[in-house]
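This briefing summarises computed features of a protein model.

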Amino acid sequence: MRENDRVTSATRQPGTPAAAIRPRLIATDLDGTLLRDDKSVSARTVAALAAAEDAGIEVFFVTGRPARWMDVVSDHVHGHGLAICGNGAAVVDLHGGAGAHRFVKVRELARENALDAVRLLREAAPGTMFAVEQTYGFHQEPDYPKLHMETPDNLLPAEKLLAPDGPDADQPVLKILAHHPALDPDAFLTLARLAIGERATVTRSSPSALLEISGPDVSKASTLALCCAERGISHEEVVAFGDMPNDVEMLTWAGRSYAMGNAHPDAIAAASGRTVANNEDGVAVVIEQLLVQYL
């Protein structure tokens, strides 16, 4: 199902203090958060996630990764097995395993908006190179660096990749990626947001100058808010974990949120709490404390 409706509920509203409310859903980022730096999930974290599900607390993986990169957690799917991928651009059922994921919801980036973003960013930051992420395909410009774990399906200028008759034109665009070889990552993010405005949502999760550009109002927070509303779960009942600028909205929205010990300053400022680093099982540490508190 495709979904592009404007989401206005992904903001934290005043209410009962979160500490007094039993959590019903845990939303966790993957890279730099749940995963260790070697991309593994520790035995302690696996046990904590399983214990949370056994206690009736749903667990959502909420990541910038595409669905085909979710094999890192495919062995740790419990209960519903849903994940929010592409920074909110897709909700994916992981039960089918690697290569057999089912898209439950897609919030696409309209091609005209993507083309506008490419044009504006080329003008604002000459030298920017682009890639295009679709539901089942990945395409890039010839000079785009090898930043990802795969071989692109096509090598063409972004304008041709995003044309109405471009490659895989029948597939929705989830996001475009923009890389600059010289700019500071945070400066590039600020510049891009000013240049693109409301035509798209711009964020980043990489330590390099790599931006992720999604549809207007599409974010981890807005898609998580949709999923929670479908389940009758309020933001106060959500505990979120993250470490990078693409987690900021989710960390702000959730009733309780934790920035990792290794987090970007923007994530730390957005979260209501802090835990230890990803390599020290910071997510598991908090889940264990929550289970003791509420069971």
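In this predicted model, helix α9 spans residues 282-294 and contains 13 residues. From first C-alpha to last, α9 reaches 19 Å, close to the 18 Å expected at 1.5 Å a residue.

- The buried residues of α9 include a run from G282 through V283, A284, V285 and V286 to I287.
- Further along the helix, L290, L291 and Y294 are buried as well.
- Among the elements that cover these buried residues are two helices, α1 (30-34) and α2 (43-54).
- Strands also contribute to the cover of α9, including β1 (25-28), β12 (238-242) and β13 (256-259).

**Cysteines**

- A disulfide is a covalent bond joining the sulfur atoms of two cysteines.
- The structure contains zero disulfides.
- C227 is buried, with a relative accessible area of 3%.
- C85 likewise counts as buried, at 2% relative accessibility.

- The model has 19 salt bridges in total.
- R119 and E123 form one of them through their side chains, with an N to O distance of 3.9 Å.
- These two residues are four apart in helix α3 (residues 111-124), so about one helical turn separates R119 from E123.
- R119 is partly exposed at a relative accessible area of 39%, whereas E123 counts as exposed at 55%.
- R122 and E159 also meet in a salt bridge, at 2.9 Å from N to O.
- R122 belongs to helix α3 and E159 to helix α4 (residues 158-161), so this pair ties together parts that are 37 residues apart in sequence.
- Both partners are partly exposed: R122 has a relative accessibility of 28%, and E159 has a relative accessible area of 35%.

**A salt-bridge network**

- The side chains of E230 and R231 meet in a salt bridge with an N to O distance of 3.7 Å.
- E230 is exposed, at 51% relative accessibility, while R231 is partly exposed, at 25%.
- E230 and R231 belong to a network of salt bridges that also links E58 and K105.

**The chain as a whole**

- The secondary structure of the protein chain comprises nine helices and 14 strands.
- The chain has 295 residues, of which 58% count as buried.
- Among contacts with a separation of 6 or more, 61% involve residues 24 or more positions apart.
- The accessible surface of the protein chain is about 11,900 Å².
- Carbon and sulfur atoms account for 53% of that accessible surface.

How values were computed: Residues are numbered from 1 along each chain as its sequence is written. This is a predicted model: local features need pLDDT of at least 70, side-chain atom pairs count only at pLDDT 80 or more; totals for chains, interfaces and linings use all residues. Side-chain values use heavy atoms; hydrogens and water are left out. The expected span of a helix is 1.5 Å times one less than its number of residues. Buried means under 20% relative accessible area, exposed over 50%, partly exposed in between (1.4 Å probe, protein chains only). Contact means heavy atoms within 4.5 Å. A disulfide is a pair of cysteine sulfur atoms within 2.5 Å. A salt bridge is a side-chain nitrogen of Lys or Arg within 4 Å of a carboxyl oxygen of Asp or Glu. Accessible areas come from the Shrake-Rupley method with a 1.4 Å probe; for residues, only the protein chains shown count as cover.
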